[in-house]
Amino acid sequence: MKSHAQAVVIGGGLVGCSILYHLTKLGWTDVVLLERSELTSGSTWHAAANIHGLHDSTNISRLQHYTMGLYKELEAETGQGCGIFQPGSLYLAQTEAREHQLRLQAAKAKYYGMDFYEVSRDEAERLHPLVNFDGIRCIMYEPQGGNVDPSGVTMAYAAGARARGAQIIRNCPVTVTRAQADGSWIVETPMGDIRAGWVVNAAGLWGREVAALAGIELPLMPTEHQYFVTETIDEIAAMDRRLPSVADRDGEYYLRQEGKGLLVGAYERDMKFWAEDGTPQGFGHELFADDLERIEPNMLRAIDRVPVVGSAGIKRVINGPMIWSPDSSALFGPVPELRNYFCCNGIIPGFSQSGGLGLLSAQWIIEGEPKLDMFGWDLARFGAWAGRDFTKARVRDQYANRFKIHFPNEERAAGRPVRTRPIYQTQKAMGAVFGLNYGWEHPLWFSAEGEPKEETIGFDRQNWWAPVGREARMLRDRAGIIDISNFARYRITGPGARDWLDALLANRMPVTPGRSCLAPLIGKRGGIAGDFTVTCLGEGDYFMVGSGMAERYHKRFFDAVPSPAGTRWHSVTETMAGFNVAGPLARDLLARLTNADLSNAAFPFMRSQQIEVAGVACIALRVSFTGDLGWELHCAEADQARLYAALIEAGKAMGAGPVGSRALMSLRVEKGYGSWGRDYSPEYWPQETGLQGLIKMDKEFLNKSAYAALMDTPPREVLRTLVIEATTADATGNEPIFDLAGKPAGKVSSGAYGYHVGQSLALAYLRPDIAPGTELQVMVLGQPHRARVLDGAAFDPEGKRLRA
């Protein structure tokens with residue numbers, strides 16, 4: 001066994017072998033995979049191994065299409081059969097909501113040149129004569145859908161990696177992973193030790209145990225999962241072709257041909273956990289006892305749809321383990337608290353995603369960043385707050401509702417609350433309906449007298465649409481108080497504070513106390529990895545505000561810039577809270593509670609002061625994400641309740657009150673303000689986002705060379721505002737946009753109804769040749785809606801209200 005390697009991959013299942021293969025494909029040949037038993041042990045060998053391309057997330061669709069296309073290349077490259085069957089997949093919609101979902105996916109497929117389209121009932125019956133299509137509203141067909149052989153694919157990845165120089169060692173459990181001062185790792189095994197530049201945890205069912213060796217805890221929980229295979233079905237045996245698979249997600253089962261019979265699987269409501277306290281070390285190719293009674297309701301729905309299932313005998317039942325994250329997406333990426341430790345765990349549809357995950361993992365490890373924005377799968381989306389109870393509750397919900405539609409703006413209640421602020425109960429009593437942001441409960445909207453107390457979910461406008469409109473209009477007409485405690489806050493102190501910030505962020509840092517600036521963070525490929533508001537409080541004392549959901553994600557970038565002697569940055573998110581008081585009467589409201597001079601002359605836009613509001617010490621910033629006159633007030637969490645009570649009471653006299661984050665979304669889209677994670681991401685270049693003016697090339701900053709290499713490249717797309725002719729639903733993000741000739745024109749990054757301007761709006765990335773005034777088609781609900789490109793923001797394009 002080697003004593004040194006560029007990377008050691010732990011886990012010889014599907015994903016571990018894919019990562020190993022892609023590391024070699026990108027040029028790292030001095031790599032080793034360690035498998036505690038045999039390749040495919042754990043979950044890989046008994047998987048149903050279905051493959052499909054379409055996903056609600058555009059980037060996941062890209063990843064899955066890459067994977068589907070890779071398997072034939074693997075066979076040709078390695079000579080190892082992958083058992084590929086691609087007779088296609090039929091997707092059925094029994095409900096209006098499912099129809100909206102499928103039509104939106106078909107629109108995305110058209111935009112990206114993917115094969116996914118609607119077929120008639122006659123055509124569907126020709127493709128799959130055993131299906132009863134009664135009650136089906138819409139049928140989509142994916143010609144490349146199908147399944148593969150689990151062992152064949154895994155062995156093909158392994159063969160491809162070996163051919164490029166990788167070493168695979170079976171029956172070699174890892175017993176210790178020990179971090180070294182230079183960022184490398186000592187990986188101990190019974191066969192000897194390896195010093196590795198990177199450790200990759202792809203240990204599947206043992207992902208928790210391998211992570212624990214490095215002192216980290218991953219939010220993962222295993223469950224049982226069952227499918228069964230029928231005996232030979234005469235009608236199938238008589239056919240000279242293979243039947244397409246059936247995705248009847250409203251029926252909560254999946255079904256495809258297996259041999260001359262059918263394979264039927266289900267995610268039952270009466271789910272069952274397994275190995276909650278740790279996966280047994282001796283487990284490998286075992287299965288659990290059959291328990292078909294648990295999936296009987298799902299089986300009956302499958303029989304209604306495909307009657308021959310009911311008359312066929314059952315040949316075998318597979319009941320094996322799967323391991324889940326709290327949102328059923330992969331835990332993917334470098335661990336922010338460790339150097340050179342990478343995770344790829346909790347993958348559910350592995351055979352649809354293995355190739356893409358392997359490629360992006362290799363890109364991240366070797367090149368420093370994947371080419372696709374994968375924040376939705378980044379393990380940094382969870383923090384220490386995602387403990388065992390939260391994970392178990394969320395996994396239960398995810399498994400039991402595996403085929404439930406994830407609607408735009410949907411907030412699931414399982415496992416909550418986890419993190420709350422002192423005013424949580426107060427806001428609850430005021431009618432707040434809460435959402436989850438990096439574990440924090442924060443108000444989405446407030447229910448007034450006669451309004452609904454809980455929200456409905458769906459693709460079109462829901463019961464919260466009117467209450468959110470009331471809040472948005474209140475703020476634009478008078479004033480509103482927004483809880484911004486879920487924003488991330490940092491304090492940077494010490495003699496080198498400004499130097500450190502200058503070396504981190506692309507804008508020039510303020511020198512004078514009371515000055516603030518907006519500053520982008522540049523990614524490894526030159527895109528927008530973050531955007532921050534930085535304020536100079538005094539010599540060697542800075543306050544920085546950024547995206548709350550990206551706090552752990554941004555730690556990777558902060559740690560990449562060494563701190564000067566005597567200087568430190570630290571998060572104060574948990575110890576501070578805050579409010580945004582905004583609207584044309586914001587100054588009048590605050591003047592009732594402070595002796596500070598809030599006049600435009602004394603306290604202009606983008607300035608800060610440390611003042612007292614209602615006797616509470618606050619860092620007050622003259623900024624507002626609403627695009628209106630406003631101040632952010634940041635205070636100690638212990639003072640949050642006192643400050644909130646005073647603000648609410650002062651607001652009553654002028655018809656002002658609490659405003660939730662749904663209204664904030666509408667207000668910032670009206671103003672054309674981008675939001676990180678929606679409109680800004682590492683995939684977008686500064687000149688595409690409109691942030692290039694904040695980048696100062698006469699100083700050094702993190703990843704400056706990456707931006708310098710593309711700064712003179714014309715933008716591929718440009719962020720603009722659209723007005724959409726929509727009356728029952730609004731764009732929410734990722735909707736494709738076509739010009740009137742049917743040519744792809746761009747895609748929506750954010751969408752909302754603009755209550756003040758009375759128009760359905762979207763922020764969208766469009767082809768640079770598309771000028772203001774151009775008419776386009778936005779695929780809201782998967783159907784074309786006429787839209788017009790604006791020349792600037794829909795609200796206050798000149799910024800007069802902001803600076804009033």
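I started at Ile10, which sits in strand S1 (residues 4–10); strands here are DSSP E runs of at least two residues and helices H or I runs of at least four, numbered from the N terminus. This is a predicted model, where local features need pLDDT of at least 70, side-chain atom pairs count only at pLDDT 80 or more, and totals for chains, interfaces and linings use all residues. Residues are numbered from 1 along each chain as its sequence is written, and side-chain values use heavy atoms, with hydrogens and water left out.

I looked up the exposure of Ile10 and found it buried, at 5% relative accessible area (buried is under 20%, exposed over 50%, partly exposed in between, with a 1.4 Å probe and protein chains only). Beyond four places in sequence, Ile10 has contacts that include Leu34, Val174, Val199 and Val210 (contact means heavy atoms within 4.5 Å).

Next I checked helix H11 (residues 388–400): its 13 residues should span 18 Å at 1.5 Å a residue, and the end C-alpha atoms are 18 Å apart, which agrees (the expected span is 1.5 Å times one less than the number of residues). Among the buried residues of H11 I noted Phe390, Arg394 and Asp397. Their cover includes strands S12 (221–230) and S15 (261–266).

Last, I turned to helices H1 (residues 14–25) and H10 (residues 350–367), whose axes come within 8 Å and cross at roughly 45 degrees. H1 and H10 are therefore oblique to each other (under 35 degrees is roughly parallel, over 145 roughly antiparallel, 65 to 115 roughly perpendicular, the rest oblique). The contact includes Leu14 and His22 of H1 and Phe351 and Ile365 of H10.

How values were computed. Axes are lines fitted to C-alpha atoms, for helices over the stretch in contact, and angles run from 0 to 180 degrees between N-to-C directions.
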